[in-house]
Amino acid sequence: MAQTERRRDAPELPDFSLLKRVARDQLIFLLEQLPGSKDLFIDADLMSPLDRIANVTILKQHEVDKLYKVELKQVVSTSDQLCFLIRPRIQTVKWISDLVNSDKAAGRFRRYKIIFTPQKFYACDNILEEQGVYGDITTDEWNFYILPLDDDILSLELPEFFRDNFLEGDQRWVTTGGSALYLLQNMYGSFSKVYGIGRCAKMVYESWREQMEDGEKRIKQPEFAKVFLIDRDVDFVTPLCSQVVYEGLVDDIFRIKCSSVEFGPDVTSSDKSIKVMLNSQDKVFNEIRNEHFSNVFGFLSQKAKNLQTAYDKRRGMDIQQMKTFVADELKGLKQEHRLLSLHIGASESMMKKKTKQDFQELLKTEHSLLEGFEIRACIAYIQEHISRQVSMIDSLRLLCLLSLTENGLLSKDYRSLKSQFLQSYGIHHLLTFANLRQLGLLVEQQSGETLTVMESKVGKLVNDKTVGKLTDAFSSLAKKSNFRALSRKLALVPKSGEEYDLRVPRDMAYIFSGAYIPLSCKLIEQVLERDGWTGLEEVTRMLNGQEFAGSAGGHSSDAQRIILVMFLGGCTYSEISALRFLGKERGCRFIVVTTAITNSARLLEALLENRA
Amino acid sequence: MTRAKPEDDEYWTRSKLKAFTFDDEDDKFSQLKESKRAVNSIFDEDDDDDEDDVERVNWSGEPVGSISWSVKETASSGHSGSEQGFPKIDTTPSLSKRGSGYSLSSLFKAKSKSGGFQSFSESFSDTSIRTYAPELRKPKSDAKDFVSDLNPEETVRRMRKGRGYSLEKFRSLQDKLLLLDEAVALYDGNVITAVLIYLKKSLNKEILWRELMPRDVALRHYLHYLKEMGEQKLLLELLRALGRTEDMALMQYKEHLNIKDEGKRKDFLKSCISLPFSQDDATHVQDHYTLLERQIIIEASDKNADGEIFKRFPRKASILNMPIITTLYYSCFYHYGEPEGTYSSPANIRKTFRISEKQYILTALGARAKLKLWFDVDSLFNTKNWLGYTKKKSPIGFHRVVDILQKNNAPISVLQEYVNLIDDTELKLSTALKYKCHDIVINTYRDMKDRQQLAAYGGKLERDSPEYRKMQAILNNGQIKWKN
């Protein structure tokens, strides 16, 4: 497993567990602001992050009596102090306001406190004011910006960032992104260089820079050499591909939540499900997480053999030896045994599931799309996928990949595929298609002419000052992915027919069975290599520009080879694996900061309209 | 606002002292001390060894004791408050301090920032424990916190930092727009929305919309805000005013998702038909209405249906709000063979929703195979030529047909028949191998004159079975010219 061996000169990573301690201490402080016994209501999606930094005992120590999940339903609590730990969402604040008002109507006196995390929005205050409960509720902010998911993964745990920013065009999380970087800088030292690409990346960088200028200057040795910020919409192809690296596959199939996963009875081969933490602490997992799935079985069976040998050592031991064995080794072996059987179970279960859904054929279609090979056959495959009514998300994913790689669908294909899709999965998906079009994920090919006419028409309507902003907006509407050209320019798709030994990966393409080097990671590699965007002008033009590079004010020190990559809108485990591989090749380490861990299903589900 | 300041400050000073003076000797505050230590240690180069017991995160994976677990159990045990251990904050005064919206919120902001808890980022600029002992903290710019004559730029900057601000002085349209443009220039969506809320309250909507039109970023924030607030009517009006009629139509159509009652839903969908959709979407919305209309009729008659088929296969769910293809499947399952005139017949559904032959065959095949009515399956593919011979034809590949039959546990004889219809020899062979259609495998190897493969296949057959004997007979047949 060449993968897991670190190059000897690779730098050590900073200790991010400090972030957890600080967040926890701040939470404790906030809870103590409402002294006495209280019931705590927690937003559903905050529970897992909270679990990573605190536990019930800690909450109880600070006089939290009962814990409830925020469900926007009637409250049964009898406590006279209610505390709400929530994301700053209008719906939740409305619900709390209603609760306070109904208490008032019933003549019931309670104390209320809302703790917004990571920050409060003015729109929330406005609700409280409009509902006439401003002042009845105290509010606070828990600036829990970053949750370390692993040694090299930091997450903002804001999956809504993606939809808010890219679909709705709401920049509410820009400052949050800047604050997260500012926090890292203050705790771990400054950066010497910053690069980035994307509209949001640019804004986050600006926000961070301004916070830096406003804040007190701290002179600290830089712990990160470079920072790279990238918008998710720079590369939609990568997160839409099926993941075949172990960790990514586990995420696609079982959905990892805050680096914890629930394995059902089919994995545990008992009647119980168990929750497992998947991170570098799990020795077995750590060795296979970045491996192509086809290597995992071999590795696990080798591991099982080794384990057997280690157990077998007991034979022929005398009492003294046995004693040392039990004291020193047995516990470790048992632990390893447990993990091993778990991952073997998971692999088997994944194999079964994937065989059942004809995964081979699906992958073949994806690879053809990436390569631009036999597109008609791909379309036929997608059609059949849709007409069989199998996985809606997979159908959507293939349609988006087709559109992205082909720069949009021909009108007649678009129409017939859309009609079929609506017939198979429900007509209300009209709304899904509208969202996908807005994001440029699934579009009808437009002749260049129509676009120019539209732009010039709009140009006439408004004065010069705003024309720039508008054309920006339009270019995002009519965004072309230019995937083929980018792929050629950056050599993302290796020539077909070449053998690719997945055991000995030669480049980042191994994460997609050697079929495709993720665009996002390739850009990062290129920019780091060139120390900027020079020579990549054509590439950035095809990506709609918005690239930048700058010095972050920290002192450059070449000894620091830790590079922070911030994904705005989420990144996948496959991309993290690719960056780990790149780091190993180059003798540096990557730390991924992401607004959330994503995958194709999460990304597309965020664009559905289930609620009105 | 300015008048309220002195007493307010006093209150906060008082409450601060009351709330957060902690005595180092007092054991009850050991928790806070731990916090202090932890925070201090961040800036200590050499951590002391309390790290291990601070880091109590449960890696083992046992969720017992975790927060999600506890919430699921909806909290049972736990002692109710022994309150004496904790300092009290007297919160009553804040109730009496009511005033106009924005000034109040600014007061509040200022208070919570200086007296309560500081923003994380700020706290780290301070190298010490002061964060956790707010009585030691001096507000950064107390004097300026209530200055009301700030220019737009300074105002939005203060807003971003959560400091006190007042928007009331921005009264002229020009000032309001300057404020908005400054907010946009700051990139902070939270501030942009805050300014928009103020503009919404203080400007006639037509004026506001006119000004938003060339300001795309602000406009998108405004639209999103209205969406989140559920101000559907206003939203539709605005989209219409912007000339974005298609968006408006979709937005209105989306409302149907909120209507539970199917009758009302149907009526609502009917009202949507005339909305200015794109041509294609208009057809789809029309279909949506027709579909629900038919489903309601079918549901009403099938709900209490007691026909043979309903007894043998009781319905698991209602057909309401299911996709078209599911409805077709349902109809092929329960209403097969009904005349085209009835709404519930497959033929009627096929025609009404312009379902392609391929899709129809696929769906009907699935339904009839599920019922194991192989005769129906056969007749789906039978065509008669002009001489009256029947021949099987299919718009979908026969290997797909086999797949579907196999998934529905078709008997081997039925499978064999369809495997034999696969044109491509290799595909036929691999399908036959996959589903163990021995006879076809043997015949294909024979036709390919592949003696070796045939002999090897013998290993997979049961000795003395008819297939095995057939294979032996072929291998012993001297007339075949084997290629190997």
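## Terms and model

Two strands pair if DSSP finds at least two bridges between them. Helices (H or I, at least four residues) and strands (E, at least two) are DSSP runs, numbered from the N terminus.

This is a predicted model, in which local features need pLDDT of at least 70, side-chain atom pairs count only at pLDDT 80 or more, and totals for chains, interfaces and linings use all residues. Residues are numbered from 1 along each chain as its sequence is written, chains are lettered from A and ligands numbered from 1 in the order in which they are written, and side-chain values use heavy atoms, with hydrogens and water left out.

Axes here are lines fitted to C-alpha atoms, for helices over the stretch in contact, and angles run from 0 to 180 degrees between N-to-C directions.

Strands β9 (residues 224-231) and β13 (residues 562-568) of chain A run parallel and are joined by 6 bridges. Ile230(A) has Phe567(A) in β13(A) as its bridge partner. Contact means heavy atoms within 4.5 Å.

## Five-stranded sheet of chain A

Chain A also has an open sheet of 5 strands, ordered β2-β1-β3-β4-β5, with parallel pairing. Strands β2 (64-69) and β5 of chain A are the edge strands, and each pairs on one side only. The twist averages 20 degrees from one strand to the next. Helix α2 (residues 44-53) of chain A packs on the sheet and touches β1 (38-42), β2 and β3 of chain A. Its direction makes about 105 degrees with that of β1(A). Helix α4(A) packs on the sheet too, touching β1, β3, β4 and β5 of chain A. The direction of α4(A) makes about 170 degrees with that of β3(A).

## Strand β4 and its partners

In strand β4 (residues 111-116) of chain A, 5 of the 6 residues are buried, so it is largely enclosed by the rest of the structure. Buried means under 20% relative accessible area, exposed over 50%, partly exposed in between (1.4 Å probe, protein chains only). Strand β3 (residues 81-86) of chain A runs parallel to β4(A), and 6 bridges join them. Gln81(A) has Arg111(A) in β4(A) as its bridge partner. Strand β5 (residues 137-141) of chain A pairs with β4(A) in the parallel sense over 5 bridges. Tyr112(A) is bridged to Ile137(A) in β5(A). Lys113(A) stands opposite Thr138(A) in β5(A).

Two crossovers involve β4(A). β3(A), helix α4 (residues 90-105) of chain A and β4(A) make a right-handed β-α-β unit. β4(A), helix α5 (residues 122-130) of chain A and β5(A) make a right-handed β-α-β unit as well. A crossover is right-handed if, with the strands pointing away from the viewer, the path from the first strand over the helix to the second runs clockwise.

Glu406(A) lies in helix α17 (residues 392-406) of chain A. Its relative accessible area is 27%, so it is partly exposed. Beyond its neighbours within four places in sequence, Glu406(A) is in contact with Ile375(A), Gln445(A) and Arg484(A). The side chains of Glu406(A) and Arg484(A) make a polar contact (2.8 Å). A polar contact is a pair of N or O atoms within 3.5 Å; within protein, one must be able to donate a hydrogen and the other to accept it, and residues adjacent in sequence count only if both atoms are side-chain atoms.

Gln420(A) is found in helix α18 (residues 411-425) of chain A. Its relative accessibility is 18%, so it counts as buried. Not counting residues up to four places away in sequence, Gln420(A) touches Gln383(A), Ile386(A) and Ser387(A).

## Chain B

Chain B has 27 helices and 2 strands. Of its 484 residues, 49% count as buried.

Arg215(B) sits in the loop between α11 (205-212) and α12 (216-229) of chain B. At 14% relative accessibility, this residue counts as buried. Leaving aside neighbours within four places in sequence, Arg215(B) is in contact with Leu177(B), Leu180(B) and Asp181(B).
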